[in-house]
Amino acid sequence: MSQPGQSNESVIEVRNLTKVYRDFWGRPKVRALNALSLDIKKGEVFGLLGPNGSGKTTTLKLLLGLLFPTEGDITILGKPAADVSKNERIGYLPEESYLYRFLNAHETLDFYGRLFKMPASVRKERAEKLLDMVKLAPQARRRQLKEYSKGMTRRIGVAQALINDPDLVMLDEPTSGLDPLGNRDMKDLILDLKKQGKTVLMCSHLLADVQDVCDRIAILYGGELKVMGRVDELLKAQDETQILSSKLSPEAIRDIEAVIKKHGANVLKVDQPTANLEDLFLKTVQESRERPGHRLVQEGKSGA
Amino acid sequence: MSFDPHPLLIWFQKLPNGGYLLGAIPVWFIIAGGLALLVLSVSAVSVFVTHRGAGGKLFLRELSGCISDVLSLSPRRIGALAKLTFLEAYRRKALAVFVVFALLFMFAGWFMGDSKEITNDQVKVYISFVLRAISWLVLPVVLVLSCFGIPEDIRLRSLHTVVTKPARRLEIVLGRVIGFSLIGTVVLLVMSSVGYIWIVRQIPKTAKDQGLLSCRVPVYGSLTFLDRAGTPADKGINTGDLWEFRSYIEGATAARAIWTFKNMDASALDSEGNLHLENQFTAFRSYKGDMKRQLLFDFKFINPEKPIAPNQPLTFTTDARQVNEFRGVTDKINRKLGREGDEKTYDLIDDFVMKDGSLIVEVSCIDREQYLGMARPDLFVRRPDQPFYIGYAKAVLGIELLLILVTIMSVTASTFLKGPIAAVLTSCLLMLGGEDSHNFMDELVFGKFKGGGFLESIYRIITHMNPTTDLPDNPAFVGMRFFDAGLTNFLWLCKQVIPRLQYFNMSDYVSNGFDVPWDASVVPSILVTLGYLVPCVLLGYFALRIRELESK
């Protein structure tokens with residue numbers, strides 16, 4: 001069933017995809033991917049999950065034509081993976097930002113822009129817009145990338161992936177190496193891309209990130225597809241019900257427990273909800289910016 | 001003169017290496033086409049072996065992909081990749097080579113003689129030094145840069161961000177070739193400009209006024225002989241010295257050396273109407289005499305199209321010339337030919353240049369104690385000189401063309417080899433491309449060595465068999481000869497893919513005070529470069545296309 005903003009049109013179709021790495025003599029060494037089949041629909045954010053060595057990055061590189069499949073077929077945007085013209089509509093952010101370290105931010109985006117059919121004025125305008133979007137400080141834009149921190153390199157990597165305003169964005173470990181602020185920016189960016197109707201395929205082993213942004217996920221293990229489906233459906237506990245209210249008195253809690261028992265159900269847990277660490281971190285940083293010098297949290301006592 | 005330039009671009013004319021230009025074109029197609037067919041066959045077989053039933057479809061899809069890539073080349077993308085390559089080399093301090101260059105020129109004057117007493121040989125040394133220093137500095141830098149460019153891109157995976165854009169592999173190869181050639185060109189232009197200024201400043205005005213910094217434009221003719229009885233002959237007399245290059249005419253006999261110069265007209269004369277005939281003959285003396293005596297000879301102009309009597313062409317013989325041996329001498333002969341006391345005069349151009357533009361000059365030795373040694377380049381018409389910078393610029397163009405060829409070969413090698421191996425391969429090809437290496441390979445391929453091929457020579461060594469003894473005629477030896485013939489053919493193919501680099505060295509012309517001839521050196525160098533550009537770039541493209549860039 002498609003969600004709002006999504007369609008049934010397949011952007012990526014993978015059928016029986018297998019990749020076997022061979023040694024110098026052509027003998028099979030590792031079966032990195034085994035008979036993977038999946039469809040990724042237009043407008044959805046799809047997550048490929050799995051532990052290290054499960055075949056996530058191999059899948060991505062097969063889709064991009066960096067590796068050749070041993071068996072199986074790949075169709076991306078209606079074209080075979082080996083067809084270079086498909087890249088006109090694809091943006092790719094590699095796991096590490098493998099960019100040219102001797103270029104500065106402007107030169108990097110201009111170079112990648114020239115690989116597309118983009119006139120100089122459009123390239124310049126789009127580069128500025130993207131550098132603003134990824135929040136790269138103006139004073140850093142004229143420095144060579146070899147002087148950048150990992151987070152800054154990641155930001156310029158994202159900008160180059162979006163230089164052609166792609167319909168399909170492939171992100172390999174998009175949040176790796178980012179601090180929580182950068183992490184949140186990246187997730188906001190992915191959700192923003194989704195809002196623009198773009199399809200996003202991301203690989204990650206950071207489960208919380210995937211849960212926050214993905215519509216559907218596939219979990220790979222040992223090169224095989226183990227689970228695939230909508231995130232909310234896969235995570236939904238079918239035999240439990242959760243009710244969230246403002247803070248209740250102990251008497252009110254007892255009354256509610258009595259009502260639940262009257263209907264033949266058991267109360268499993270009564271607790272106060274806690275924020276996650278990311279939310280706390282972001283809130284702390286934001287308030288620190290607004291009130292410099294003020295200590296927000298003391299041990300054992302919330303000052304916020 | 002140590003060289004004898006033969007024009008290449010004369011249709012059907014035999015070249016010094018034994019080939020013909022018209023023959024070279026089909027050979028190029030045979031070699032390039034044969035290699036392409038070999039690559040396609042190997043690819044097809046490997047695809048069918050690895051993919052069995054689906055192999056045919058896959059092969060056709062890849063083939064159509066290759067054709068599509070070639071047809072959809074984008075100059076903008078190639079330009080972007082070339083600019084990237086240029087910036088990469090520039091920011092990785094490739095221009096540090098200028099420091100070495102500057103050091104060389106700061107101290108070179110210390111070791112190159114006193115500039116107050118400059119001679120022709122010293123001018124030659126200055127020019128050779130500058131052009132060789134530039135070649136030896138620029139070429140290794142470009143070779144190393146271009147051999148390591150693509151392998152480093154693959155190792156650091158920066159190429160991933162390029163190939164996942166609409167950049168074709170062919171564009172990547174072309175962009176690299178153009179980028180590295182550009183950086184080499186910039187370095188070359190700066191160095192050659194500095195070198196030119198250095199040469200001009202090192203040579204004093206007095207030496208320049210003597211014409212030591214010249215750029216002579218020679219017109220070489222063809223040479224035939226008459227023997228001492230006046231009978232036509234291909235060569236003169238063998239005095240046992242340098243027979244292959246130079247032969248001799250005997251003094252005070254009917255022996256003659258006859259040069260025929262083509263394309264002669266009034267433009268060959270200087271502003272005063274003089275024809276400059278430059279000669280550098282040698283002498284062999286028949287018996288004891290004055291070794292210091294000068295050479296004695298005369299010139300005779302002949303026009304068979306204007307007979308003055310049956311079987312008697314129009315002729316004019318100049319006064320006897322007396323010149324020193326081993327020194328180039330320029331004779332100025334005015335177009336108004338005449339003798340004192342003789343009212344009859346001739347016009348050199350109107351009366352002696354034939355309808356097809358040929359001018360026949362006959363040389364005879366007058367001294368009966370001398371034999372005059374002649375070779376084709378020992379007499380030439382010297383057209384008005386060009387400024388020195390013209391010849392110098394052509395020599396620099398020769399280095400530039402070699403630089404482009406080195407870049408093409410290095411980038412191609414780097415698409416399927418790691419950087420250091422690609423550098424070794426390209427260096428080997430450059431070493432094998434020399435004239436001596438090609439001559440040696442010719443001797444091997446055309447069976448000029450006695451003793452047979454690989455297996456046959458081993459057999460002869462082991463059995464102590466004389467190389468002139470025939471081998472027994474049984475199936476084992478027939479098989480051995482068949483194997484040797486196959487190996488020889490393979491060696492022939494290898495020889496064809498090694499570039500012939502002799503044309504690219506134009507510094508000898510300039511350092512000897514000559515202009516660089518377009519037809520004997522510049523055009524052949526351009527043709528060789530173009531001849532390698534297309535197949536090498538396609539090979540590099542194919543190697544990148546079939547390669548999994550992610551694989552280690």
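Start with chain A: 38% of its 304 residues are buried. Buried means that 20 or more other C-beta atoms lie within 10 Å of a residue's own, exposed means 12 or fewer, and partly exposed lies in between; C-beta atoms are placed from the backbone. This is a predicted model, in which local features need pLDDT of at least 70 and side-chain atom pairs count only at pLDDT 80 or more, while totals for chains, interfaces and linings use all residues. Residues are numbered from 1 along each chain as its sequence is written, and chains are lettered from A and ligands numbered from 1 in the order in which they are written.

**Stop 1: chain A as a whole**

Color chain A by secondary structure. It has 9 helices and 12 strands. Helices (H or I, at least four residues) and strands (E, at least two) are DSSP runs, numbered from the N terminus. The C-alpha trace of chain A spans about 70 × 50 × 40 Å along its principal axes. Now select residues 10-235, which form domain 1 of chain A, and then 240-304, which form domain 2. Such bounds come from an automatic or database domain assignment. The C-alpha centres of these two domains of chain A are 36 Å apart.

**Stop 2: where the chains meet**

Show both chains. Here 24 residues of chain A are in contact with 24 residues of chain B. Contact means that the C-beta atoms of two residues, placed from the backbone, lie within 7 Å. On the chain A side, α1 (56-64), β6 (90-93) and α2 (105-114) each supply at least two residues. The largest share, 3 residues, comes from α2(A). By class, this side of chain A has 18 nonpolar, 3 polar and 3 charged residues. Ala, Val, Leu, Ile, Met, Phe, Trp, Tyr, Cys and Pro count as nonpolar, Asp, Glu, Lys and Arg as charged, and the others, Gly among them, as polar.

**Stop 3: helix α2 of chain A**

Select 105-114 in chain A. Why is α2(A) largely enclosed by the rest of the structure? Because 8 of its 10 residues are buried. Among them are A:Leu109, A:Phe111 and A:Tyr112. The buried residues of α2(A) pack against α3 (120-133) and α4 (150-161) of chain A, together with α3 (75-91) of chain B.

**Stop 4: the cores**

Next, select A:Met170 and B:Val138. Of the 140 residues in the largest nonpolar core, these two touch the most other members. A nonpolar core is a set of buried Ala, Val, Leu, Ile, Met, Phe, Trp, Tyr and Cys residues joined through C-beta atoms within 7 Å. Helix α5 (residues 120-155) of chain B gives the most to this core, with 16 residues. Then find a second, separate core of 35 residues, which includes B:Phe281, B:Ala283, B:Phe297 and B:Cys365.

**Stop 5: chain B**

Move to chain B. It has 16 helices and 16 strands. Of its 552 residues, 32% are buried. Its C-alpha trace spans about 95 × 70 × 45 Å along its principal axes. Select 75-209, 387-433 and 498-545 together for domain 1 of chain B, then 217-383 for domain 2. The C-alpha centres of these two domains of chain B lie 42 Å apart.

**Stop 6: one loop residue**

Finish at B:Ala229. Look in the loop between β2 (222-226) and β3 (232-233) of chain B. Is B:Ala229 buried or exposed? It counts as exposed, because it has 9 C-beta neighbours inside 10 Å. B:Ala229 and B:Ala255 are 26 residues apart in sequence and 6.7 Å apart in space, C-alpha to C-alpha.
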